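Let me put the model up, and then we'll walk through it together.

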Amino acid sequence: MNMTTKTNRPAGLVAIDREMARQHADAIASYEAAAPMAARAAASLKKTGRLLLIGMGGSHAVNRAVEPLYRGLGIDAIAIPLSEQLGQPLPIAGRTIFVTSQSGESAEVVRWFNETGGTPETFGLTLEAGSFLARTTPSLVGSGGTELAFAATRSLTVTLALHLAILTALGEDPAAALAVLDGPEDHDIAAALAALENVATVVTSGRRLQGIAEALALGLTELSRRPCFSLEGGQLRHGPMEMLGPEIGVVLFRGLDETAALVTAMAISAVESGAPVILFDASGLSPVAGAVTIRFAPATGLAVIFAMLPVAQQLMVGFAEARVDNAGTPVRSTKITRSE
């Protein structure tokens, strides 16, 4: 379903369309250009063995998405919101620190450097080469400049490509992830949007793919102005299942990894509740009866994230467009959050 063919499309969504259309090319360029700085960041990780990932909003969702990938390499990685690090900080000595901000100008980023002075093992990830972050600490800079549209789309993909450069420098094979960026799969989301047509809100959930679930929930909330939120699969199981029913949409993410069976179990339970269930599925397992499955080639790691993310973006845009006249134009927020 090509959302861009509709007439009278809100300007905010047209801006998002533009960002999404160039995200794959910008991601590949970012990966290639980041290699020298990625090697420095990888050398730091090899030295410390510990990683603190800090950022806000979509940047934190990216951090959550890559957190398990660094852990899988034996790195003690933890992602927390930068606001939390300011208020109740983890010790920063002896850790490699990745500060992520697509604008490089967020209020929390400026305050963190002002209060700590940074560290010799601190690296920035940003889209803006002239930003405070890029001027202040060695940084991996994504291609294509600052994202102009409100909800994060291109910035997520580009920042993930910067992480791909670091993971490559750590010895990971980037071939599968690069192949997805080079030839993204096209998916029809009409059935998924139809399933969500009458819901009041959406909860997203994953296990190893929880980071992408959190990115989708953030975008759904920003664009539709509904309180959509994300719960890691185990957390959703421990009590919040009580909310499920026909008015609550559920979007689940299942990859080719050891947590796939747990996502399957959640999908079955959610279907039984009467909730409309959308399953982003790259597990290679059988579909779940009653769920609308968006099926991808079996994959894990950044390859599955790169495959699913653009389709999730289409879903959030379509969901919002059906509910808000001026979707994509913020009424209570700004693209760069300069206040705390």
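Helices (H or I, at least four residues) and strands (E, at least two) are DSSP runs, numbered from the N terminus.

Before I go on, a word on what we're looking at. This is a predicted model, so local features need pLDDT of at least 70, side-chain atom pairs count only at pLDDT 80 or more, and totals for chains, interfaces and linings use all residues. Residues are numbered from 1 along each chain as its sequence is written, and side-chain values use heavy atoms, with hydrogens and water left out.

Back to strand 3. On its other pairing, four bridges join strand 3 to strand 4, and the two run parallel. There, Val99 has Gly124 of strand 4 as its bridge partner. Is strand 3 mostly covered or mostly uncovered? Mostly covered: five of its five residues are buried, where buried means under 20% relative accessible area, exposed means over 50%, and partly exposed is in between (1.4 Å probe, protein chains only). Both faces are covered, with Thr96, Phe98 and Thr100 buried on one side and Ile97 and Val99 buried on the other.

Contact, by the way, means heavy atoms within 4.5 Å.

Five strands form an open sheet in the order 7-6-8-9-10, with parallel pairing. Here strand 7 (229-230) and strand 10 (292-295) take the edges, each with a single partner strand, so one side of each is left without a neighbour in the sheet. Strand 9 (residues 277-281) is joined to strand 10 by four bridges, running parallel, and Leu279 stands opposite Thr293. Helix 13 (residues 260-272) lies across strand 8 (248-254) and strand 9, at about 160° to strand 8. Helix 14 (residues 301-321) lies across strand 6 (201-206), strand 8, strand 9 and strand 10, at about 155° to strand 9.

On to helices meeting helices. Two packed helices are described by the angle between their axes and the distance between the axes. The axes of helix 11 (residues 210-224) and helix 14 come within 9 Å and cross at roughly 20°. That makes the two roughly parallel, since angles under 35 degrees count as roughly parallel, over 145 as roughly antiparallel, 65 to 115 as roughly perpendicular and the rest as oblique. Among the residues making the contact are Leu216 and Leu220 of helix 11 and Met308 and Ala312 of helix 14. By class, the contact has twelve nonpolar, two polar and no charged residues. (Ala, Val, Leu, Ile, Met, Phe, Trp, Tyr, Cys and Pro count as nonpolar, Asp, Glu, Lys and Arg as charged, and the others, Gly among them, as polar.)

Last stop, two loops. Where is Arg225? In the loop between helix 11 and strand 7. Most residues other than glycine have a negative phi. Arg225, though not a glycine, has a positive phi of about 60°, and at 34% relative accessibility it counts as partly exposed. Gly72 sits in the loop between helix 4 and strand 2 and is exposed, at 60% relative accessible area. Its C-alpha atom is separated by 9.8 Å from that of Gly301, 229 residues apart along the chain. That's me done, thanks!

How values were computed. Pairing = 2+ DSSP bridges. Axes fitted to C-alpha atoms, helices over the stretch in contact; angles between N-to-C directions.
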